[in-house]
Amino acid sequence: RHRQEQVGLGQRTHVEGHALPGQGRLVGVALVANRQQGPLRIVAMLRPEARRGKHILLPALEMRWKHAQEIATRVEIQIFGAHGLEEGEVSFPCHHNGALSRDGVAKLLSSAHVVVDPSLYQGFGLVGIEGMASGALCVLTRSGGAEEYAEDGVNALLVPPGDVEAL
């Protein structure tokens with residue numbers, strides 16, 4: 001669930017959801033500027049390499065979209081990256097922005113409520129730190145680099161790599 005409230009020039013977005021099974025609930029709050037009112041916007045970078053987790057990301061996004069429909073929450077899924085989607089690869093509505101410039105990535109991430117990086121391994125995790133810098137709530141995997149700057153339940157939600165349900 002999410003709700004938004006005005007705070008000065010920006011909005012505060014509250015996102016509440018299930019943490020890992022048996023670990024209760026996660027509640028995150030992000031102060032975001034220039035976020036549009038409307039649906040909860042989830043943004044993810046789509047990369048075809050197996051270690052980047054496309055095969056984890058798409059089913060996880062589909063699960064979140066279906067759950068949002070069940071609880072009557074509007075969700076908008078935005079993905080970006082040089083590699084597109086195959087016809088019929090997703091069964092939920094999403095917008096693929098294609099390859100973006102640095103400014104384009106910054107603009108998209110600054111419009112996100114949630115940024116997801118499903119990587120199975122990475123050295124640092126630039127998308128995660130860029131998402132955090134933009135004020136989004138980040139869902140990242142415990143896959144190396146993200147653990148250098150992200151603390152589970154404090155400034156991000158860290159999930160096990162490869163776990164579709166947790167993501």
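How many salt bridges does the structure hold? I will come to that count in a moment, after a word on where the values come from. This is a predicted model, in which local features need pLDDT of at least 70 and side-chain atom pairs count only at pLDDT 80 or more, while totals for chains, interfaces and linings use all residues. Residues are numbered from 1 along each chain as its sequence is written, and side-chain values use heavy atoms, with hydrogens and water left out.

Let me begin with the overall layout. The chain contains 3 helices and 9 strands, where helices (H or I, at least four residues) and strands (E, at least two) are DSSP runs numbered from the N terminus. Of the 167 residues of the chain, 44% count as buried, and here buried means under 20% relative accessible area, exposed means over 50%, and partly exposed lies in between, with a 1.4 Å probe and protein chains only. The accessible surface of the chain comes to about 8,700 Å², and 52% of that surface belongs to carbon and sulfur atoms; such areas come from the Shrake-Rupley method with a 1.4 Å probe, and for residues only the protein chains shown count as cover. If we take contacts in the chain between residues at least 6 apart in sequence, 51% of them join residues at least 24 apart, a contact being heavy atoms within 4.5 Å.

Now back to the opening question: the structure holds 6 salt bridges, each being a side-chain nitrogen of Lys or Arg within 4 Å of a carboxyl oxygen of Asp or Glu. One of them pairs Arg-41 with Glu-76, with the closest N and O atoms 2.4 Å apart. This pair links distant parts of the chain, since Arg-41 sits in strand β4 (residues 40–45) and Glu-76 in strand β5 (residues 75–80), 35 residues apart. Arg-41 is buried, at a relative accessible area of 12%.

A further salt bridge joins Asp-117 and Arg-47, where the closest N and O atoms are 3.3 Å apart. Here Asp-117 belongs to strand β7 and Arg-47 to the loop between β4 and α1 (54–70), so that the pair links parts of the chain 70 residues apart. Both partners count as buried, Asp-117 with 2% relative accessibility and Arg-47 with a relative accessible area of 14%.

Lys-54 and Glu-89 also form a salt bridge, with their closest N and O atoms 2.9 Å apart. Because Lys-54 lies in helix α1 and Glu-89 in the loop between β5 and β6 (95–96), the pair ties together parts that are 35 residues apart in sequence. Lys-54 is buried, with a relative accessible area of 17%, whereas Glu-89 is partly exposed, at 30%.

What about the nonpolar side chains? In soluble globular proteins, nonpolar side chains tend to be buried together. A nonpolar core, as used here, is a set of buried Ala, Val, Leu, Ile, Met, Phe, Trp, Tyr and Cys residues joined through side-chain atoms within 4.5 Å. The largest such core has 21 residues, of which Leu-61, Val-116, Val-139 and Leu-167 touch the most other members. At least two residues of this core come from each of β4, α1, β5, β7 and β9, and α1 gives the most, with 6 residues. Leaving aside neighbours within four places in sequence, Val-116 is in contact with Ile-42, Val-43, Ala-44, Met-45, Leu-57, Val-139 and Leu-167. There is also a second, separate core of 16 residues, which includes Ala-112, Val-115, Leu-140 and Ala-146.

Finally, a few words on aromatic rings and cysteines. The structure holds 1 aromatic pair, formed by Phe-124 and Tyr-149, which is tilted, at 5.2 Å centre to centre and 50° between the planes. Rings of Phe, Tyr and Trp (its six-membered ring) pair if their centres lie within 6.5 Å, and planes under 30 degrees apart count as stacked, over 60 as edge-to-face and the rest as tilted. Phe-124 counts as partly exposed at 41% relative accessibility, while Tyr-149, at 16%, counts as buried. As for disulfides, meaning pairs of cysteine sulfur atoms within 2.5 Å, the structure holds 0. Cys-94 is partly exposed, with a relative accessible area of 27%, and Cys-138 is buried, with 2%.
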